[in-house]
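Please open the model in your viewer and keep the selection panel at hand. The stops below go from whole chains to single residues.

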Amino acid sequence: MTSDLRAVLTEPIVRRNPVTVQILGVCSALAVTSQVATALVMGVALTATTCASNVAISLIRGALPRSIRLIVEITIIASLVIVVDQVLQAYAPAMSKQLSVFVGLIVTNCIVLGRAEAFASRSGPWASFLDGLGNGAGYALVLFAVATVREVLGTGTFLGATVLRTVAAGGTYEPVDLLLKPVGAFFLLALLVWGLRAARLAPDDEEAS
Amino acid sequence: MGDRRPPPVPVRPSWFARLRALPPDDPKRTLLFALAVAVVCATVVSTTAVALRPRQRANREAERRVQLRDIVARLPGVEALFARTGASEVETLAIDLATGAPAPSVEAATFDPRKAAADPTAGVAIPGDLDVAGLERRARHAVVYVVKDGGRVEVVVLPVEGSGYGGLIRGFVAMRGDGNTILALSFFEHLETAGVGARIDDPAWRARWQGKQARDPEGRLRVGVATARLDPADAPYQVDGISGATITSEAVGNLLRYWLGDHGFGPFLRTLR
(Lines give C-alpha, C1' and ligand atoms only; values in the text may rest on other atoms or scores of the structure.)
Protein backbone atom coordinates (compact mmCIF):
# COMPACT_ATOMS: atom_id res chain seq x y z
CA MET A 1 0.00 0.00 0.00
CA THR A 2 1.47 3.33 -0.98
CA SER A 3 1.75 6.08 1.60
CA ASP A 4 -0.94 8.05 -0.22
CA LEU A 5 -3.40 5.22 0.13
CA ARG A 6 -2.40 4.65 3.72
CA ALA A 7 -3.14 8.29 4.43
CA VAL A 8 -6.58 7.90 2.80
CA LEU A 9 -7.30 5.15 5.29
CA THR A 10 -5.72 6.60 8.44
CA GLU A 11 -6.22 10.35 8.16
CA PRO A 12 -9.98 10.30 8.84
CA ILE A 13 -9.55 8.15 11.93
CA VAL A 14 -8.21 10.94 14.15
CA ARG A 15 -6.67 13.88 12.35
CA ARG A 16 -9.50 14.48 9.90
CA ASN A 17 -12.19 12.64 11.85
CA PRO A 18 -15.59 13.21 10.22
CA VAL A 19 -17.36 13.72 13.55
CA THR A 20 -14.92 15.77 15.59
CA VAL A 21 -13.32 17.77 12.79
CA GLN A 22 -16.04 18.06 10.19
CA ILE A 23 -18.89 17.79 12.74
CA LEU A 24 -20.79 15.37 10.50
CA GLY A 25 -23.05 12.57 11.64
CA VAL A 26 -23.60 14.17 15.04
CA CYS A 27 -27.32 13.33 15.26
CA SER A 28 -26.79 9.59 15.36
CA ALA A 29 -23.70 10.02 17.53
CA LEU A 30 -26.01 11.49 20.16
CA ALA A 31 -28.82 9.02 19.67
CA VAL A 32 -27.17 5.61 19.80
CA THR A 33 -24.34 6.14 22.29
CA SER A 34 -26.03 5.46 25.61
CA GLN A 35 -24.71 1.89 25.32
CA VAL A 36 -21.44 0.64 23.90
CA ALA A 37 -23.07 -2.29 22.09
CA THR A 38 -25.47 -0.14 20.06
CA ALA A 39 -22.67 2.33 19.29
CA LEU A 40 -20.45 -0.45 17.95
CA VAL A 41 -23.18 -1.94 15.76
CA MET A 42 -24.04 1.51 14.46
CA GLY A 43 -20.36 2.12 13.70
CA VAL A 44 -20.12 -1.12 11.76
CA ALA A 45 -23.38 -0.42 9.91
CA LEU A 46 -22.21 3.03 8.86
CA THR A 47 -18.77 1.75 7.85
CA ALA A 48 -20.30 -0.96 5.69
CA THR A 49 -22.64 1.54 4.05
CA THR A 50 -19.90 4.09 3.39
CA CYS A 51 -17.50 1.50 1.95
CA ALA A 52 -20.12 0.00 -0.34
CA SER A 53 -21.51 3.34 -1.51
CA ASN A 54 -18.01 4.72 -2.10
CA VAL A 55 -17.07 1.72 -4.23
CA ALA A 56 -20.32 1.77 -6.19
CA ILE A 57 -20.12 5.48 -6.88
CA SER A 58 -16.45 5.28 -7.77
CA LEU A 59 -17.20 2.54 -10.30
CA ILE A 60 -19.81 4.57 -12.14
CA ARG A 61 -18.12 7.95 -11.72
CA GLY A 62 -17.05 8.13 -15.36
CA ALA A 63 -20.51 7.55 -16.74
CA LEU A 64 -22.47 9.45 -14.10
CA PRO A 65 -24.39 12.30 -15.76
CA ARG A 66 -23.74 15.49 -13.83
CA SER A 67 -27.34 16.68 -13.88
CA ILE A 68 -28.61 13.71 -11.84
CA ARG A 69 -25.44 13.06 -9.86
CA LEU A 70 -26.87 13.66 -6.37
CA ILE A 71 -30.07 11.77 -7.09
CA VAL A 72 -28.15 8.73 -8.27
CA GLU A 73 -25.82 8.88 -5.27
CA ILE A 74 -28.67 9.11 -2.80
CA THR A 75 -30.54 6.29 -4.56
CA ILE A 76 -27.51 4.04 -4.23
CA ILE A 77 -26.95 5.01 -0.59
CA ALA A 78 -30.62 4.53 0.28
CA SER A 79 -30.63 1.06 -1.31
CA LEU A 80 -27.52 0.07 0.62
CA VAL A 81 -29.02 1.33 3.88
CA ILE A 82 -32.14 -0.75 3.29
CA VAL A 83 -29.93 -3.79 2.74
CA VAL A 84 -28.00 -3.10 5.96
CA ASP A 85 -31.24 -2.59 7.88
CA GLN A 86 -32.72 -5.81 6.52
CA VAL A 87 -29.60 -7.78 7.38
CA LEU A 88 -29.68 -6.42 10.93
CA GLN A 89 -33.36 -7.28 11.27
CA ALA A 90 -32.63 -10.81 10.15
CA TYR A 91 -29.43 -11.54 12.05
CA ALA A 92 -29.49 -9.18 15.05
CA PRO A 93 -33.18 -8.54 15.74
CA ALA A 94 -32.72 -7.32 19.32
CA MET A 95 -30.04 -4.87 18.25
CA SER A 96 -32.10 -3.75 15.29
CA LYS A 97 -34.98 -3.00 17.66
CA GLN A 98 -32.75 -0.92 19.92
CA LEU A 99 -31.29 1.06 17.05
CA SER A 100 -34.83 1.47 15.69
CA VAL A 101 -34.97 4.29 13.16
CA PHE A 102 -31.32 5.21 13.38
CA VAL A 103 -30.15 2.52 10.98
CA GLY A 104 -32.61 3.78 8.39
CA LEU A 105 -31.42 7.30 9.07
CA ILE A 106 -27.88 6.43 7.96
CA VAL A 107 -29.18 7.53 4.59
CA THR A 108 -29.30 11.09 5.90
CA ASN A 109 -25.92 10.81 7.59
CA CYS A 110 -23.78 13.47 5.97
CA ILE A 111 -20.68 11.30 6.20
CA VAL A 112 -21.94 8.85 3.58
CA LEU A 113 -23.03 11.39 0.99
CA GLY A 114 -20.12 13.63 1.93
CA ARG A 115 -17.56 10.92 1.13
CA ALA A 116 -19.41 9.96 -2.06
CA GLU A 117 -19.31 13.56 -3.26
CA ALA A 118 -15.95 14.64 -1.98
CA PHE A 119 -13.94 11.50 -2.61
CA ALA A 120 -15.56 8.57 -4.43
CA SER A 121 -16.87 10.63 -7.36
CA ARG A 122 -13.28 11.47 -8.34
CA SER A 123 -11.20 8.50 -7.13
CA GLY A 124 -10.67 4.87 -8.00
CA PRO A 125 -12.65 2.08 -6.34
CA TRP A 126 -9.85 0.77 -4.12
CA ALA A 127 -8.95 4.21 -2.78
CA SER A 128 -12.66 4.92 -2.31
CA PHE A 129 -13.07 1.71 -0.37
CA LEU A 130 -10.20 2.67 1.94
CA ASP A 131 -11.64 6.15 2.33
CA GLY A 132 -14.98 4.64 3.35
CA LEU A 133 -13.25 2.31 5.76
CA GLY A 134 -11.24 5.12 7.32
CA ASN A 135 -14.17 7.48 7.72
CA GLY A 136 -16.38 4.71 9.05
CA ALA A 137 -13.69 3.78 11.54
CA GLY A 138 -13.30 7.42 12.58
CA TYR A 139 -17.04 7.67 13.16
CA ALA A 140 -17.12 4.35 15.02
CA LEU A 141 -14.20 5.42 17.19
CA VAL A 142 -15.97 8.60 18.32
CA LEU A 143 -19.17 6.68 18.97
CA PHE A 144 -17.24 4.10 20.95
CA ALA A 145 -15.49 6.75 23.06
CA VAL A 146 -18.69 8.66 23.81
CA ALA A 147 -20.63 5.46 24.49
CA THR A 148 -17.97 4.12 26.83
CA VAL A 149 -18.12 7.23 29.01
CA ARG A 150 -21.92 7.32 28.89
CA GLU A 151 -22.42 3.66 29.71
CA VAL A 152 -19.77 3.43 32.42
CA LEU A 153 -20.71 6.65 34.20
CA GLY A 154 -24.41 6.57 33.34
CA THR A 155 -25.26 2.99 34.25
CA GLY A 156 -22.08 1.61 35.80
CA THR A 157 -21.67 -1.05 33.12
CA PHE A 158 -19.50 -1.66 30.07
CA LEU A 159 -21.01 -3.78 27.28
CA GLY A 160 -23.57 -4.85 29.87
CA ALA A 161 -21.00 -6.08 32.40
CA THR A 162 -20.91 -4.32 35.76
CA VAL A 163 -17.91 -2.02 36.21
CA LEU A 164 -19.17 0.25 38.95
CA ARG A 165 -21.74 -1.23 41.31
CA THR A 166 -24.60 1.24 41.52
CA VAL A 167 -26.38 2.23 44.71
CA ALA A 168 -29.53 0.61 43.38
CA ALA A 169 -27.68 -2.70 43.05
CA GLY A 170 -26.25 -2.42 46.56
CA GLY A 171 -22.95 -0.77 45.62
CA THR A 172 -21.66 2.71 46.21
CA TYR A 173 -21.76 4.32 42.77
CA GLU A 174 -24.43 6.92 42.07
CA PRO A 175 -24.99 6.91 38.27
CA VAL A 176 -24.97 10.23 36.42
CA ASP A 177 -28.40 10.32 34.84
CA LEU A 178 -27.53 13.36 32.77
CA LEU A 179 -25.11 11.32 30.69
CA LEU A 180 -27.87 8.96 29.59
CA LYS A 181 -29.83 11.84 28.11
CA PRO A 182 -28.93 13.07 24.60
CA VAL A 183 -27.76 16.36 26.09
CA GLY A 184 -25.13 14.42 28.05
CA ALA A 185 -23.76 13.06 24.78
CA PHE A 186 -23.72 16.57 23.42
CA PHE A 187 -21.52 17.78 26.27
CA LEU A 188 -19.20 14.80 25.89
CA LEU A 189 -18.86 15.33 22.17
CA ALA A 190 -18.09 19.00 22.73
CA LEU A 191 -15.44 18.09 25.30
CA LEU A 192 -13.96 15.59 22.88
CA VAL A 193 -13.77 18.12 20.04
CA TRP A 194 -12.25 20.69 22.38
CA GLY A 195 -9.79 18.18 23.78
CA LEU A 196 -8.62 17.02 20.35
CA ARG A 197 -8.18 20.56 19.11
CA ALA A 198 -6.42 21.70 22.25
CA ALA A 199 -4.05 18.76 21.92
CA ARG A 200 -3.43 19.79 18.29
CA LEU A 201 -4.44 16.31 17.17
CA ALA A 202 -6.95 17.90 14.86
CA PRO A 203 -6.67 21.02 12.76
CA ASP A 204 -8.92 23.82 14.00
CA ASP A 205 -9.07 25.76 10.78
CA GLU A 206 -11.36 23.30 9.02
CA GLU A 207 -15.04 23.25 9.73
CA ALA A 208 -18.15 22.14 7.93
CA SER A 209 -21.74 22.71 8.84
CA MET B 1 -18.74 -18.87 -58.18
CA GLY B 2 -16.75 -15.90 -59.47
CA ASP B 3 -17.37 -12.53 -58.03
CA ARG B 4 -20.77 -13.02 -56.38
CA ARG B 5 -19.79 -11.76 -52.90
CA PRO B 6 -22.23 -9.11 -51.60
CA PRO B 7 -20.79 -5.61 -51.36
CA PRO B 8 -19.36 -4.91 -47.88
CA VAL B 9 -22.00 -3.48 -45.51
CA PRO B 10 -20.80 -0.45 -43.57
CA VAL B 11 -20.35 -1.54 -39.93
CA ARG B 12 -22.96 0.16 -37.80
CA PRO B 13 -21.66 0.90 -34.30
CA SER B 14 -23.58 -0.99 -31.59
CA TRP B 15 -26.30 0.92 -29.70
CA PHE B 16 -24.10 0.83 -26.63
CA ALA B 17 -21.14 2.35 -28.42
CA ARG B 18 -23.38 5.04 -29.85
CA LEU B 19 -24.75 5.74 -26.37
CA ARG B 20 -21.26 6.00 -24.96
CA ALA B 21 -20.31 8.44 -27.67
CA LEU B 22 -23.05 10.82 -26.52
CA PRO B 23 -21.97 13.65 -24.22
CA PRO B 24 -22.48 12.75 -20.53
CA ASP B 25 -25.32 15.20 -20.09
CA ASP B 26 -27.29 14.18 -23.14
CA PRO B 27 -30.93 13.75 -22.00
CA LYS B 28 -31.26 10.34 -23.62
CA ARG B 29 -28.15 9.09 -21.91
CA THR B 30 -29.17 10.64 -18.57
CA LEU B 31 -32.57 9.01 -18.76
CA LEU B 32 -31.13 5.60 -19.56
CA PHE B 33 -28.57 5.93 -16.80
CA ALA B 34 -31.26 6.82 -14.27
CA LEU B 35 -33.32 3.88 -15.43
CA ALA B 36 -30.39 1.51 -15.10
CA VAL B 37 -29.57 2.74 -11.59
CA ALA B 38 -33.22 2.38 -10.57
CA VAL B 39 -33.43 -1.16 -11.93
CA VAL B 40 -30.20 -2.27 -10.31
CA CYS B 41 -31.04 -0.71 -6.94
CA ALA B 42 -34.57 -2.10 -6.97
CA THR B 43 -33.24 -5.54 -7.76
CA VAL B 44 -30.70 -5.42 -4.94
CA VAL B 45 -33.23 -4.17 -2.40
CA SER B 46 -36.00 -6.57 -3.32
CA THR B 47 -33.67 -9.55 -3.53
CA THR B 48 -32.36 -8.83 -0.03
CA ALA B 49 -35.84 -8.29 1.36
CA VAL B 50 -37.19 -11.50 -0.12
CA ALA B 51 -34.16 -13.58 0.82
CA LEU B 52 -34.18 -12.44 4.44
CA ARG B 53 -37.91 -12.43 5.00
CA PRO B 54 -38.25 -15.97 6.42
CA ARG B 55 -35.56 -15.24 8.97
CA GLN B 56 -37.11 -11.94 9.97
CA ARG B 57 -40.52 -13.52 10.32
CA ALA B 58 -39.07 -16.23 12.55
CA ASN B 59 -37.42 -13.54 14.69
CA ARG B 60 -40.67 -11.62 15.10
CA GLU B 61 -42.55 -14.75 16.02
CA ALA B 62 -39.90 -15.66 18.60
CA GLU B 63 -40.08 -12.18 20.10
CA ARG B 64 -43.86 -12.27 20.42
CA ARG B 65 -43.67 -15.68 22.05
CA VAL B 66 -41.14 -14.44 24.57
CA GLN B 67 -43.35 -11.50 25.49
CA LEU B 68 -46.41 -13.64 25.77
CA ARG B 69 -44.60 -16.32 27.76
CA ASP B 70 -43.52 -13.57 30.09
CA ILE B 71 -47.07 -12.39 30.62
CA VAL B 72 -48.53 -15.85 30.89
CA ALA B 73 -45.81 -17.09 33.22
CA ARG B 74 -46.64 -14.34 35.67
CA LEU B 75 -50.27 -15.41 35.86
CA PRO B 76 -50.95 -17.05 39.20
CA GLY B 77 -51.29 -20.78 38.88
CA VAL B 78 -50.00 -20.96 35.35
CA GLU B 79 -46.53 -21.98 36.37
CA ALA B 80 -47.98 -24.81 38.41
CA LEU B 81 -50.10 -25.80 35.45
CA PHE B 82 -47.08 -25.87 33.16
CA ALA B 83 -45.18 -27.91 35.73
CA ARG B 84 -48.04 -30.36 36.14
CA THR B 85 -48.89 -30.87 32.49
CA GLY B 86 -45.40 -30.58 31.13
CA ALA B 87 -46.88 -28.31 28.52
CA SER B 88 -44.90 -25.16 28.13
CA GLU B 89 -46.35 -23.94 24.91
CA VAL B 90 -49.09 -21.44 24.57
CA GLU B 91 -51.28 -22.07 21.57
CA THR B 92 -52.15 -19.15 19.40
CA LEU B 93 -55.62 -19.01 17.98
CA ALA B 94 -57.15 -16.48 15.63
CA ILE B 95 -60.90 -16.17 16.11
CA ASP B 96 -63.80 -14.36 14.56
CA LEU B 97 -65.20 -12.20 17.36
CA ALA B 98 -68.76 -12.20 16.04
CA THR B 99 -69.10 -15.99 16.13
CA GLY B 100 -66.27 -17.03 18.42
CA ALA B 101 -65.22 -19.59 15.83
CA PRO B 102 -61.62 -20.04 14.73
CA ALA B 103 -60.63 -17.88 11.78
CA PRO B 104 -58.01 -19.81 9.84
CA SER B 105 -57.79 -17.07 7.22
CA VAL B 106 -56.16 -14.71 9.73
CA GLU B 107 -52.43 -15.10 10.15
CA ALA B 108 -52.00 -14.95 13.92
CA ALA B 109 -48.29 -14.16 13.84
CA THR B 110 -48.68 -10.94 11.93
CA PHE B 111 -52.17 -9.89 13.03
CA ASP B 112 -52.25 -6.31 14.23
CA PRO B 113 -55.58 -5.60 15.98
CA ARG B 114 -55.21 -1.84 15.88
CA LYS B 115 -54.41 -1.75 12.19
CA ALA B 116 -57.29 -4.12 11.51
CA ALA B 117 -59.67 -1.98 13.59
CA ALA B 118 -58.89 1.08 11.50
CA ASP B 119 -59.34 -0.83 8.25
CA PRO B 120 -62.78 -0.42 6.66
CA THR B 121 -63.17 -4.15 5.95
CA ALA B 122 -61.08 -5.80 8.66
CA GLY B 123 -62.61 -3.62 11.38
CA VAL B 124 -66.13 -2.75 12.53
CA ALA B 125 -67.58 0.29 14.23
CA ILE B 126 -68.77 -0.44 17.76
CA PRO B 127 -72.36 0.81 18.23
CA GLY B 128 -72.34 3.78 20.61
CA ASP B 129 -74.49 2.18 23.31
CA LEU B 130 -72.21 -0.88 23.43
CA ASP B 131 -68.98 1.07 23.33
CA VAL B 132 -68.40 1.26 27.08
CA ALA B 133 -64.64 0.94 26.57
CA GLY B 134 -64.59 4.05 24.37
CA LEU B 135 -62.89 2.32 21.46
CA GLU B 136 -65.19 3.42 18.58
CA ARG B 137 -63.88 0.59 16.37
CA ARG B 138 -62.48 -2.88 16.81
CA ALA B 139 -61.04 -5.55 14.55
CA ARG B 140 -63.39 -8.28 13.34
CA HIS B 141 -60.90 -10.86 14.48
CA ALA B 142 -58.74 -11.36 17.52
CA VAL B 143 -55.77 -13.49 18.41
CA VAL B 144 -56.14 -15.31 21.71
CA TYR B 145 -53.82 -17.64 23.56
CA VAL B 146 -54.87 -21.01 24.86
CA VAL B 147 -53.17 -23.25 27.40
CA LYS B 148 -54.44 -26.81 27.21
CA ASP B 149 -54.14 -29.75 29.58
CA GLY B 150 -54.57 -32.77 27.35
CA GLY B 151 -57.44 -31.72 25.12
CA ARG B 152 -59.13 -29.54 27.72
CA VAL B 153 -58.75 -25.77 27.67
CA GLU B 154 -57.31 -24.72 31.02
CA VAL B 155 -56.57 -21.07 30.46
CA VAL B 156 -57.39 -18.59 27.74
CA VAL B 157 -55.57 -15.30 27.58
CA LEU B 158 -57.49 -12.54 25.83
CA PRO B 159 -56.12 -9.21 24.67
CA VAL B 160 -58.21 -6.32 26.01
CA GLU B 161 -58.06 -2.58 25.56
CA GLY B 162 -60.03 0.54 26.37
CA SER B 163 -59.76 4.27 26.84
CA GLY B 164 -58.33 5.30 30.20
CA TYR B 165 -57.65 8.67 31.74
CA GLY B 166 -54.41 9.30 29.86
CA GLY B 167 -54.90 7.20 26.74
CA LEU B 168 -55.39 3.67 25.60
CA ILE B 169 -54.99 0.95 28.23
CA ARG B 170 -53.95 -2.40 26.75
CA GLY B 171 -53.49 -5.65 28.53
CA PHE B 172 -54.37 -9.28 28.83
CA VAL B 173 -57.04 -10.96 30.87
CA ALA B 174 -56.56 -14.61 31.63
CA MET B 175 -59.71 -16.67 32.09
CA ARG B 176 -60.19 -20.16 33.36
CA GLY B 177 -61.30 -22.77 30.84
CA ASP B 178 -64.91 -22.27 31.97
CA GLY B 179 -64.83 -18.96 30.12
CA ASN B 180 -66.21 -17.16 33.14
CA THR B 181 -63.65 -17.05 35.93
CA ILE B 182 -60.93 -14.42 35.84
CA LEU B 183 -57.50 -15.72 36.71
CA ALA B 184 -55.47 -12.61 36.24
CA LEU B 185 -55.36 -9.23 34.65
CA SER B 186 -52.26 -7.43 33.49
CA PHE B 187 -51.52 -4.36 31.45
CA PHE B 188 -48.62 -3.99 29.09
CA GLU B 189 -49.40 -0.52 27.86
CA HIS B 190 -51.11 2.49 29.42
CA LEU B 191 -50.59 6.20 29.95
CA GLU B 192 -52.27 6.54 33.33
CA THR B 193 -50.94 9.05 35.87
CA ALA B 194 -47.94 7.73 37.78
CA GLY B 195 -48.82 7.04 41.39
CA VAL B 196 -52.56 7.41 40.76
CA GLY B 197 -54.12 5.61 37.81
CA ALA B 198 -50.88 3.75 37.20
CA ARG B 199 -51.67 1.77 40.34
CA ILE B 200 -53.70 -0.54 38.09
CA ASP B 201 -50.29 -2.21 37.72
CA ASP B 202 -50.11 -2.73 41.47
CA PRO B 203 -49.95 -6.51 42.01
CA ALA B 204 -52.13 -6.26 45.11
CA TRP B 205 -54.93 -4.56 43.22
CA ARG B 206 -54.63 -6.87 40.22
CA ALA B 207 -54.69 -9.87 42.53
CA ARG B 208 -58.18 -8.86 43.68
CA TRP B 209 -59.47 -9.88 40.26
CA GLN B 210 -58.44 -13.44 40.76
CA GLY B 211 -61.52 -15.65 41.00
CA LYS B 212 -64.03 -12.97 39.99
CA GLN B 213 -66.81 -14.14 37.72
CA ALA B 214 -67.76 -12.36 34.53
CA ARG B 215 -71.40 -13.42 34.60
CA ASP B 216 -73.82 -14.55 37.26
CA PRO B 217 -75.53 -17.99 36.99
CA GLU B 218 -78.38 -16.35 35.04
CA GLY B 219 -75.87 -15.25 32.42
CA ARG B 220 -76.04 -11.55 33.17
CA LEU B 221 -72.75 -9.70 32.77
CA ARG B 222 -71.86 -8.47 36.27
CA VAL B 223 -68.11 -7.95 36.11
CA GLY B 224 -66.87 -4.46 36.88
CA VAL B 225 -65.33 -2.01 39.29
CA ALA B 226 -67.28 -0.65 42.23
CA THR B 227 -66.41 3.00 42.62
CA ALA B 228 -68.79 3.51 45.52
CA ARG B 229 -68.97 0.96 48.31
CA LEU B 230 -68.77 -2.59 47.02
CA ASP B 231 -72.16 -4.20 47.52
CA PRO B 232 -71.67 -7.68 49.05
CA ALA B 233 -74.05 -9.02 46.41
CA ASP B 234 -71.62 -7.84 43.72
CA ALA B 235 -68.53 -9.15 45.48
CA PRO B 236 -68.21 -12.32 43.36
CA TYR B 237 -68.10 -10.14 40.23
CA GLN B 238 -66.57 -6.83 41.12
CA VAL B 239 -63.58 -5.33 42.86
CA ASP B 240 -63.19 -2.05 44.70
CA GLY B 241 -61.84 0.80 42.59
CA ILE B 242 -58.56 2.46 43.41
CA SER B 243 -59.19 5.49 45.61
CA GLY B 244 -58.18 8.70 43.88
CA ALA B 245 -58.18 6.97 40.51
CA THR B 246 -61.89 6.72 39.81
CA ILE B 247 -61.64 7.35 36.09
CA THR B 248 -58.90 4.78 35.56
CA SER B 249 -60.67 2.23 37.75
CA GLU B 250 -63.91 2.71 35.85
CA ALA B 251 -62.01 2.41 32.59
CA VAL B 252 -60.66 -0.98 33.63
CA GLY B 253 -64.12 -2.13 34.67
CA ASN B 254 -65.56 -0.86 31.40
CA LEU B 255 -62.96 -2.46 29.18
CA LEU B 256 -63.60 -5.77 30.93
CA ARG B 257 -67.34 -5.34 30.53
CA TYR B 258 -66.86 -4.65 26.85
CA TRP B 259 -64.43 -7.43 26.03
CA LEU B 260 -66.09 -10.08 28.19
CA GLY B 261 -69.49 -8.98 26.90
CA ASP B 262 -71.46 -10.07 23.85
CA HIS B 263 -69.80 -7.63 21.46
CA GLY B 264 -66.36 -8.67 22.66
CA PHE B 265 -65.21 -12.18 23.45
CA GLY B 266 -68.67 -13.30 24.69
CA PRO B 267 -69.35 -15.62 21.72
CA PHE B 268 -65.85 -17.13 21.99
CA LEU B 269 -66.13 -17.68 25.75
CA ARG B 270 -69.47 -19.42 25.24
CA THR B 271 -67.80 -21.92 22.91
CA LEU B 272 -65.56 -22.97 25.77
CA ARG B 273 -68.35 -23.99 28.08
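The tour that follows says what to select at each stop and what is found there.

**Before selecting**

This is a predicted model, in which local features need pLDDT of at least 70 and side-chain atom pairs count only at pLDDT 80 or more, while totals for chains, interfaces and linings use all residues. Residues are numbered from 1 along each chain as its sequence is written, and chains are lettered from A and ligands numbered from 1 in the order in which they are written.

**Stop 1: the two chains**

Select chain A, which has 10 helices and 2 strands, where helices (H or I, at least four residues) and strands (E, at least two) are DSSP runs numbered from the N terminus. Read along the sequence, the pattern of chain A is α-α-α-α-α-α-α-α-β-β-α-α. Of its 209 residues, 42% count as buried; a residue is buried if 20 or more other C-beta atoms, placed from the backbone, lie within 10 Å of its own, exposed if 12 or fewer, and partly exposed in between.

Now select chain B, with 7 helices and 9 strands, where buried residues make up 28% of the 273 residues.

**Stop 2: where the chains meet**

Show both chains together: 18 residues of chain B are in contact with 16 residues of chain A, contact being defined as C-beta atoms, placed from the backbone, within 7 Å. On the side of chain B that touches chain A, the residues divide into 10 nonpolar, 4 polar and 4 charged. In this classification Ala, Val, Leu, Ile, Met, Phe, Trp, Tyr, Cys and Pro count as nonpolar, Asp, Glu, Lys and Arg as charged, and the others, Gly among them, as polar.

**Stop 3: the cores**

In chain B, select Val144, Leu158 and Leu255, the residues with the most contacts inside the largest nonpolar core, which has 48 residues; such a core is a set of buried Ala, Val, Leu, Ile, Met, Phe, Trp, Tyr and Cys residues joined through C-beta atoms within 7 Å. The elements giving two or more residues to this core include β4 (141-149), β5 (152-163) and α6 (246-260) of chain B, and α6(B) gives the most, with 7 residues. Centre on B:Val144 and, leaving aside its neighbours within four places in sequence, find its contacts with B:Leu93, B:Ile95, B:Val156, B:Val157, B:Leu158 and B:Phe268. A second, separate core of 47 residues includes A:Val36, A:Val72, A:Tyr139 and A:Ala140.

**Stop 4: helix pairs in chain A**

Select helix α3 (residues 36-59) and helix α8 (residues 125-155) of chain A, whose axes come within 8 Å and cross at roughly 165 degrees. Axes here are lines fitted to C-alpha atoms, for helices over the stretch in contact, and angles run from 0 to 180 degrees between N-to-C directions. α3(A) and α8(A) are therefore roughly antiparallel to each other, a label for angles over 145 degrees, whereas those under 35 count as roughly parallel, 65 to 115 as roughly perpendicular and the rest as oblique.

**Stop 5: a single residue**

Finally, pick A:Val183, which lies in helix α10 (residues 182-198) of chain A. Is A:Val183 buried or exposed? A:Val183 is exposed, with 11 other C-beta atoms within 10 Å. The C-alpha atoms of A:Val183 and A:Leu30 are separated by 7.9 Å, although these residues are 153 residues apart along the chain.

Note on methods
Two residues are in contact if their C-beta atoms, placed from the backbone, lie within 7 Å.
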